[in-house]
Amino acid sequence: MTATKAIVTSGSGDRAASRGSRDGRGRPGGQGIERRPGWLTYTLLGVFFVAGAYPLYWSFVVGSSDSSALTSTWPPLLPGGRFWQNVGEVFDTVPFWLALGNSIIVATVITVSVVVFSTLAGYAFAKLRFRGREGLMVFVIATLAVPTQLGIIPLFMLMKQFGWTGTLGAVIVPTLVTAFGVFFMRQYLVDVIPDELIEAARVDGASMISTFWHVGVPAARPAMAILGLFTFMTAWTDYLWPLLVAPQNPTLQVALSQLQSARYVDYSVVLAGAVLATLPLLILFVIAGKQLISGIMAGAVKG
Amino acid sequence: MTSTITPPTEAGAPEPRGRHPRKAARTTMRADLTPRQRLNRWDVKYSPYLYVAPFFVLFGLIGLFPLVYTFVVSLNDWNLLTGPGEWVGFQNFTDELQSPLFWNSLFNTFSIFLLSAVPQLIAAIVIAAVLDQNIRAKTFWRLSVILPYVVTPVAVTLIFSNIFGEKYGLINNLLTTFGADPVMWKTETLPSHLAIATMVNWRWTGYNALILLAAMQAVPRDVHEAAAIDGAGAVRRFFSVTIPSIRPTIIFVIITATIGGLQIFTEPKLFNATSSIPGGPQRQYQTTVLYLWDLAFNRQDFGKAAAVAWMLFIIVVAIGLINFWLSRRIAGVEARTSKRRTRRRLDAHAAARAEASAPTPEERA
């Protein structure tokens with residue numbers, strides 16, 4: 001190993017070594033290609049950070065001012081003092097609390113349903129033998145790429161037929177299961193549970209369902225959390241379907257969009273609403289940010 | 001029916017006992033044991049179906065049936081209010097294929113898709129490469145990159161339709177301050193596509209960067225070190241080692257971006273609230289899903305809307321299949337060549353280790 005390091009530093013590391021000694025951050029000869037990066041890297045990271053955060057900050061600045069903030073030639077840099085006043089106008093224009101409650105109900109029900117049914121089916125596909133297993137799994141994989149959103153016309157007719165339009169049931173039903181969920185749980189469980197563990201439980205006289213409950217579910221818990229997080233996000237951000245079936249009983253996204261459809265649009269109120277509606281997910285981001293990162297990165301490996 | 005999970009009572013002790021010659025005992029024991037055995041056998045045999053059934057039943061009802069029924073609707077003259085009219089065969093399809101509005105929506109969809117997918121992919125690879133270094137405060141920088149992902153598309157569109165406002169938008173204010181002409185972001189075709197693509201890019205670039213970062217971290221360090229020994233600098237290593245190794249993930253990102261991008265709806269729907277036609281007064285940025293929406297729920301022509309849905313469905317699936325086929329081919333070729341290349345490099349690496357004092361091995365490839 002020391003030989004490798006020596007070669008790396010003497011071969012390609014010349015430039016790096018000199019740069020490292022100049023800014024004092026790199027460790028010439030210490031870690032080979034794993035040395036600490038220089039100022040350019042941190043400048044780039046800073047640029048990415050500003051590009052991601054500035055539009056949000058700008059929304060807060062405008063959302064806390066009166067509409068004159070928009071007309072000034074230089075963008076205002078500091079928030080004004082009208083945020084709560086603008087928020088009050090948001091509450092007057094749209095049923096914000098109803099919409100927030102609706103979104104929580106919709107996203108929670110969908111998440112529970114997707115996670116439960118995906119775990120059950122994923123466990124069966126990963127660990128149980130049954131006739132037709134391979135064929136059914138191929139079917140699940142094939143439907144991964146099917147844009148089910150394009151079935152909105154018959155779904156809308158059905159909801160109308162059942163008299164469900166305007167209810168949360170109509171918003172919830174079309175996303176109760178996803179092929180991705182089953183695929184994701186199957187991929188996770190196939191490696192993570194040793195067959196011997198299931199056999200041992202069976203030898204001890206456990207029924208199939210209690211084996212699932214005592215062996216499958218504990219092993220599946222990390223993947224269930226990730227799947228739940230992303231299902232919740234997807235349900236929370238959905239706009240097309242709730243707008244179609246329940247505009248008068250809105251979810252948060254639909255209510256937010258209605259801020260803009262008023263005849264006279266006050267953009268500081270619209271942006272105050274946008275900031276306000278982003279807060280729940282920002283809180284989730286602060287609490288579960290690390291899980292979000294590992295979830296996205298795990299999806300890459302599984303995908 | 002073979003099973004990895006051997007039911008204990010079936011193969012275990014109770015079975016021989018059931019066949020025991022003593023008659024009286026046998027009958028009572030069979031009455032006592034067989035139902036449990038039978039139950040157990042049923043349990044093993046039918047439980048898997050019970051576990052997968054909820055998914056398939058629900059998916060059939062809410063996923064497959066609507067798609068199939070969309071096709072039925074598309075073959076009829078079907079109105080939102082009056083219901084099914086007469087059977088028209090493929091009339092709706094041929095009508096739409098001759099409709100300039102349909103082609104306009106396809107052009108807009110693909111234009112916005114390309115304007116978002118290409119810069120987004122390049123930016124995501126750059127961000128991933130920067131994050132892949134041995135930086136301080138890793139988690140903080142990763143979090144900062146996916147911050148836009150937690151802003152919902154509706155909020156993103158409200159924010160950016162202000163930033164791109166024609167009269168008082170942030171960008172036009174800056175442009176006029178510097179003496180440039182303001183850009184008509186919501187009136188002209190290409191600027192509006194750029195603005196909508198920017199919204200998509202802002203939300204998704206960091207997300208895709210993290211996916212690519214995960215793939216980059218899975219590249220074995222040995223390969224990098226071997227390349228470094230060969231005298232490859234950081235940039236050369238990036239193009240000759242990193243990019244080829246993460247190609248499957250790049251294709252995965254492209255496929256998901258395609259499936260999502262071709263169904264874009266929220267951003268063009270909310271970009272200009274003052275336009276009564278969804279997608280701009282002259283349909284400058286009316287995407288295909290928006291056109292479908294307009295046909296079905298504003299013009300109440302379910303038949304034509306269903307035909308558009310099916311044509312878009314075919315396009316999405318076809319592009320998915322082409323991507324899949326390409327990725328398998330590339331992955332196959334790539335795996336073979338990279339295996340060879342890696343072996344060569346590792347051999348060289350080992351050789352270099354053996355003669356540590358010797359100079360860096362000369363060109364081999």
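In this predicted model, 91 residues of chain B are in contact with 95 residues of chain A, where contact means that the C-beta atoms of two residues, placed from the backbone, lie within 7 Å. On the side of chain B that touches chain A, the greatest contribution comes from helix α3 (residues 23-74) of chain B, with 18 residues. Helices (H or I, at least four residues) and strands (E, at least two) are DSSP runs, numbered from the N terminus. Sorted by class, that side of chain B holds 63 nonpolar, 24 polar and four charged residues. Here Ala, Val, Leu, Ile, Met, Phe, Trp, Tyr, Cys and Pro count as nonpolar, Asp, Glu, Lys and Arg as charged, and the others, Gly among them, as polar.

Residues are numbered from 1 along each chain as its sequence is written, while chains are lettered from A and ligands numbered from 1 in the order in which they are written. As the model is predicted, local features need pLDDT of at least 70 and side-chain atom pairs count only at pLDDT 80 or more, whereas totals for chains, interfaces and linings use all residues.

Chain A has 15 helices and zero strands. Of its 303 residues, 44% are buried; a residue is buried if 20 or more other C-beta atoms lie within 10 Å of its own, exposed if 12 or fewer, and partly exposed in between, with C-beta atoms placed from the backbone. Among the contacts in chain A with a separation of 6 or more, 67% join residues 24 or more positions apart. An unreviewed UniProt entry lists residues 39-58, 96-124, 136-156, 162-184, 223-244 and 264-287 of chain A under "transmembrane region". UniProt positions follow the numbering used here, feature names are shortened, and annotations may be inferred rather than shown by experiment. Residues 39-58 of chain A are 100% helix and 0% strand, with their end C-alpha atoms 27 Å apart. For residues 223-244 of chain A, the corresponding values are 91% helix, 0% strand and 32 Å between the end C-alpha atoms.

Gln258(A) is placed in helix α14 (residues 252-258) of chain A. Because 18 C-beta neighbours lie inside 10 Å, Gln258(A) counts as partly exposed. Leaving aside residues up to four places away in sequence, Gln258(A) touches Val94(A) and Pro250(A). Pro247(A) is 11 residues from Gln258(A) along the chain, and their C-alpha atoms are separated by 9.1 Å.

Chain B is divided into domain 1 (8-74) and domain 2 (92-354), with bounds that come from an automatic or database domain assignment. The centres of these two domains of chain B, taken over C-alpha atoms, are separated by 47 Å. Five residues of domain 1 of chain B are in contact with nine residues of domain 2 of chain B. The side of domain 1 that touches domain 2 in chain B comprises three nonpolar, two polar and no charged residues. An unreviewed UniProt entry lists residues 106-323 of chain B as "domain: ABC transmembrane type-1". That span of chain B, residues 106-323, is 72% helix and 0% strand, and its end C-alpha atoms lie 19 Å apart.

Two packed helices are described by the angle between their axes and the distance between the axes. Helix α5 (residues 100-131) and helix α9 (residues 189-217) of chain B pack at an angle of about 40°, with their axes 6 Å apart. Such axes are lines fitted to C-alpha atoms, for helices over the stretch in contact, and angles run from 0 to 180 degrees between N-to-C directions. The crossing of α5(B) and α9(B) is right-handed, the near helix being turned clockwise from the far one by less than a right angle. The contact of α5(B) with α9(B) involves 18 nonpolar, nine polar and no charged residues.

Ile254(B) lies in helix α12 (residues 247-261) of chain B and is partly exposed, with 19 other C-beta atoms within 10 Å. Beyond residues up to four places away in sequence, Ile254(B) touches Leu121(B) and Asn323(B).

Most residues other than glycine have a negative phi. Arg283(B), which is not a glycine, has a positive phi of about 55°. Arg283(B) is found in the loop between α13 (266-271) and α14 (288-298) of chain B, and is buried, with 21 other C-beta atoms within 10 Å. Gln300(B) likewise has a positive phi, near 60°. Gln300(B) lies in the loop between α14 and α15 (302-354) of chain B, and counts as partly exposed, with 13 C-beta neighbours inside 10 Å.
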